Amino acid sequence: MSIQLSKNTTITAKAIEEDEREDKRRKRLLLLLMLLLALLACVVTLFIRYLWQPVPLPELLPIPVNVNYAPHYLFSIYEIERPIGVAVSPDGDRIYVAETGGERLVKVFDRDGDLLNSFAPPRTRPGERSPVYVTTDKTGRVYVTDRLQHAVFVYDELGTYLDTILGPDLTLSEYVSKHVGSLPPGTVLAYNSFEPDAYYQIGETEQTIPAPSPVGWAPLGIRMDSAGNMLLTDVAADRHTVREISGDVLLSASWQDFAPPENIFGAYGQGDGQLLFPNTAVAGSRGRVYVTDGNNGRISVWDGEGNFLFHFGQGSGDGALSLPRGAVIDSRDRLHVVDAVGQDIKVYDVSGSEISLLFAFGDWGMGDGQFNYPSDIALDATGRVYVADRENNRIQIWSY
Amino acid sequence: MSNNHLVQKRRTLSTQGIQRAIWIALAALIVSVASFGGYYYWDRYVHSGDKSPLDRDIEHMEEVIKEDPQSPEARVALAEFYLGKGMYKEALNQTEQVLNLYPETEGALLVAGVAFVHMNQPEEALEPLEKFTALRKDQPMANMDTALEAAYYFLGESYVKLKRMDEAITALEAALLISATDADALYQLGLAYQATGQAENALERYHKAVRLVPNFVEAYGGMIESYTTLEQPEYVAYARGMQALNLQDYGTAQTHLEYAVEALPDFGPAFLGLGLAYEQTGDLQAALVAVQQALELNPGDFAAQQALGRIRAAMNSQG
């Protein structure tokens, strides 16, 4: 009897020990399962986030990953003659290209590089227009500077002409409305600085009024900052300046009373705070404005109030610029500068107090990923880089 | 006892269930990672995009030939596009079909010859190129015929490869009569002269070639051989220095060129080369002195004038 009891006790102890071992094993397996499920959830979340917003992986991760790598070449769009300016619509679905060859049109392509349509200022012939830089605002409106017309032409996202900015505080709609009274919606306007008249059409009949007198400005580079303010470079003979035009007026429904507050900075010359053919001005997240000071071969840096801070990129060595033209800044404060003579794109980190060259991409040539006098650059929200490769007659598309 | 057994069984099943779930989760994880990775790569790195003009020309011409397979013009045009794309076998296939029907089609002969040269088959290149030059050389505008010049050049290059140097010299001289600035023809002619023991003639061609293309590394290689033949070690040093300079080996370039300028104090090109080497290594003061010396010896040397301007600008920008 006592032997039987002892035997039962031994069996029970063994069973308890086995149960404990089994429990531990189950716990370990459960932990592993949890880990795998967590990993699976992370990957699926990343995948869904990428499908929702296809940005480069480092920007997709919830924690900031500070890696810098040059983009890679994807493909080119070829149906263009001497492209000089490029911009992308806010949704990234339309690419606007200003060409200085051929018909001198602004051509519109989709993300795959298929031509959608083209447009030009109404009532102008190719010899009377010369589009240069292009940009878009938050609403998708397209702004095109024109060297021959000395004006900024404004279109909707489809390329329908809307209005012309004739000077810092004058639009065509304002000029016409001052002559004929308030313009109803749907009024058709046209302006060509080579013709003596400006045109407007209310209803069926086209009417003319004397064309406005030139205001003595020469808009060249055009960009919008994140707040919707316009940064416009002016290369009129006696002054090479940057004009920062308030976005509140630009985003208003009508421009028949166009007098936006304006901040002007820079002067013609080679010294500190002076500019020689400023091509583009872009705003960074620290409130600074970076101006590609073309013929001085440098980037000129200003604070948000228009006070000159310093310049960089002049001279020789790494990061030195030859002829900076188009520029753009990304969400990580990386300034991308097109060096037309250096035949590459130089990318600087401007997030801190020290400016440093991160990398450059491209070199001279006619092959894929090579440039022949590049002129302008645009970025979209998915990490694509568009470069106007002027003498190769194409837009190159690169991707981070 | 029976209850214990049931509990045990339930636990065992539960453990097995967890194990099964782990395998499923692992498989799902692998599939998700592979899907995301694949899609990410495809979306960011693979893009059919717009085709290059050459690709579109090829596509268009292939369509034309599908509609009219008997057109020799279309086949020659397609062969030229294939040649431009580096698709030499495809180019030869087209020219063969044309030449079978029309053996004297000039375009097909030239494309076939050039394709053979690019495929490193000089023996096969000779027949179509000789035939092409025979057909074109007596035409009224032959002395301005760039296609004929190309044919003579490739013929000369083929003869050089086959070590038939006398024929190479004849062909390359004929090419240079049409285009005196063909640096490649000058280089090949230099090789032919060198191989026939005419080192001085070879050097004359190499020097002309580097005047036209200053970074013509192979031509400096030819100079090394010719100066060695002529037992002129100081000029060998110059050529070695220039070769190294153009291969961006600036340290080696300086070593050779410093020796060359010491041995050849009246030889401007060595001073210029040394100046360029100093410029590349950032020694602008030494570069300025060397380039000024080069200009003193050869005041009309455009490359030296350009270098001087560049060096001065760099010095000014450094303050």
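Author: Two strands pair if DSSP finds at least two bridges between them. The structure discussed here is a predicted model.

Reader: What makes β24(A) and β25(A) a pair of strands?

Author: Four bridges join strand β24 (residues 324–329) of chain A to strand β25 (residues 334–339) of chain A. The definition requires at least two bridges, so β24(A) and β25(A) pair. The two strands run antiparallel, and Ala327(A) in this pairing stands opposite Val337(A) of β25(A).

Reader: Which residue in the hairpin of β24(A) and β25(A) takes a positive phi?

Author: Asp333(A) does, with a value near 60°. The hairpin has four residues between its strands.

Reader: Why is β24(A) described as largely enclosed by the rest of the structure?

Author: Six of the six residues of β24(A) are buried, and the strand is therefore largely enclosed. For each of these residues, buried means that 20 or more other C-beta atoms lie within 10 Å of its own.

Reader: How do you know whether Lys163(B) is buried or exposed?

Author: Lys163(B) has 10 other C-beta atoms within 10 Å. An exposed residue has 12 or fewer, so Lys163(B) is exposed. Lys163(B) is found in the loop between α7 (146–161) and α8 (165–178) of chain B. Although Lys163(B) is not a glycine, its phi is positive, about 60°.

Technical notes
Residues numbered from 1 in each chain as written. Chains lettered and ligands numbered in written order. Predicted model: local features only at pLDDT ≥ 70, side-chain atom pairs only at ≥ 80, totals over all residues.
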